[in-house]
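Dear colleague,

Please find below the structure I am handing over to you, together with its sequence. My notes on it follow.

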Amino acid sequence: MRKLLLTFVLALTLCVPSLAAETWNVGTWKTAQTIQPFLYEPFANGATVKVHPFTNPGDQKAALLAGSLDMTGTTLALAIQAASRGEPIVLVASLGNKCSALVVKKGGVKSVGDLEGKKIGYVPGTMHEILLRETLTRAGLNPAKLVRIDFFDMGTALSRGDIDAYLSGEPLPTLAKRQGYGEILAYPYYGEGIGAINSGMIVRRDFVEKNPERVMEMLRAHRKATEQCMSDKAFWLETSSKMFGVELDVLRDAADNMELVWDMDDTFMKQLSALGKRMLELGIIKKEPDYNALVDRRFVDALRQGQ
């Protein structure tokens, strides 16, 4: 295995052309827990990085499949869904862990059990949907009144009473708490064996087959951006605050519920498989994908070896 990995790395090294005229089109969300693509360019070896922000992971995947993006972030739940339907996507790195919370209108609901019959905002095909369903199921509730709402509309919908609760990613839960219209009822149950995995980076299968050297360079920048943020928390939060217009104190309060990542080790693979199994049990997918086909670990394995 090590010999094959070294051969792969050597082939990439010999094939890498000058990147000065290259442009990377990368999709992500404008959030602190998905900031890495915005920080790629200093590590891009001369390539130009065009970052395309989205609010919905389904739109990101659609843009990738249409050829508008070279690589994009997505939720791991959506990646599993796409692969289970035979869509030609490949997961090449992880992106973020944790970051979810269940928010309710202030002064109302006191426990998850009190959400019986309440309207709950969610975004289909995301890790947040899986976590919401898990949390409600463990409380013995039938999540029948789920209302589809984009993440960045959830706070407004809750504050004006269109929904009674939502489960979303940071900083929206912390922002609702600090602004006084909501409170964090619970952090979600992540499911047996699933852990706190959340999002990853995907490419099209034909793209990785034709451009392995570009994928390697993009993921090298991805790792460096991730490690820069995780090793310098002040830089990470201050940069996120300036880029995305979120108060720094909000991000500081939310920081313990966010983690930036890049690797996909054996533990990650077990967690991804456990997630897919649970999605099948919940009826979200009709069959589990081939995880070894969905995930291409050559690049993160090479990076872990110091390449």
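A residue is called buried under 20% relative accessible area, exposed over 50% and partly exposed in between (1.4 Å probe, protein chains only). By this rule Phe244 is buried, with a relative accessible area of 15%, whereas Phe38 is partly exposed at 24%.

This is a predicted model, in which local features need pLDDT of at least 70, side-chain atom pairs count only at pLDDT 80 or more, and totals for chains, interfaces and linings use all residues. Residues are numbered from 1 along each chain as its sequence is written, and side-chain values use heavy atoms, with hydrogens and water left out.

The whole structure holds 1 aromatic pair (ring centres of Phe, Tyr or Trp, the latter by its six-membered ring, within 6.5 Å; planes under 30 degrees apart are stacked, over 60 edge-to-face, the rest tilted). Phe38 and Phe244 form this edge-to-face pair, at 5.3 Å centre to centre and 70° between the planes. Phe38 lies in the loop between β1 (23–29) and β2 (48–54) and Phe244 in helix α9 (residues 233–244), so the pair ties together parts 206 residues apart in sequence. Helices (H or I, at least four residues) and strands (E, at least two) are DSSP runs, numbered from the N terminus.

Helix α3 (residues 76–84) is largely enclosed by the rest of the structure, because 9 of its 9 residues are buried.

There are 17 salt bridges (a side-chain nitrogen of Lys or Arg within 4 Å of a carboxyl oxygen of Asp or Glu). One of them joins Arg133 to Glu129, with the closest N and O atoms 2.9 Å apart.

Yours sincerely
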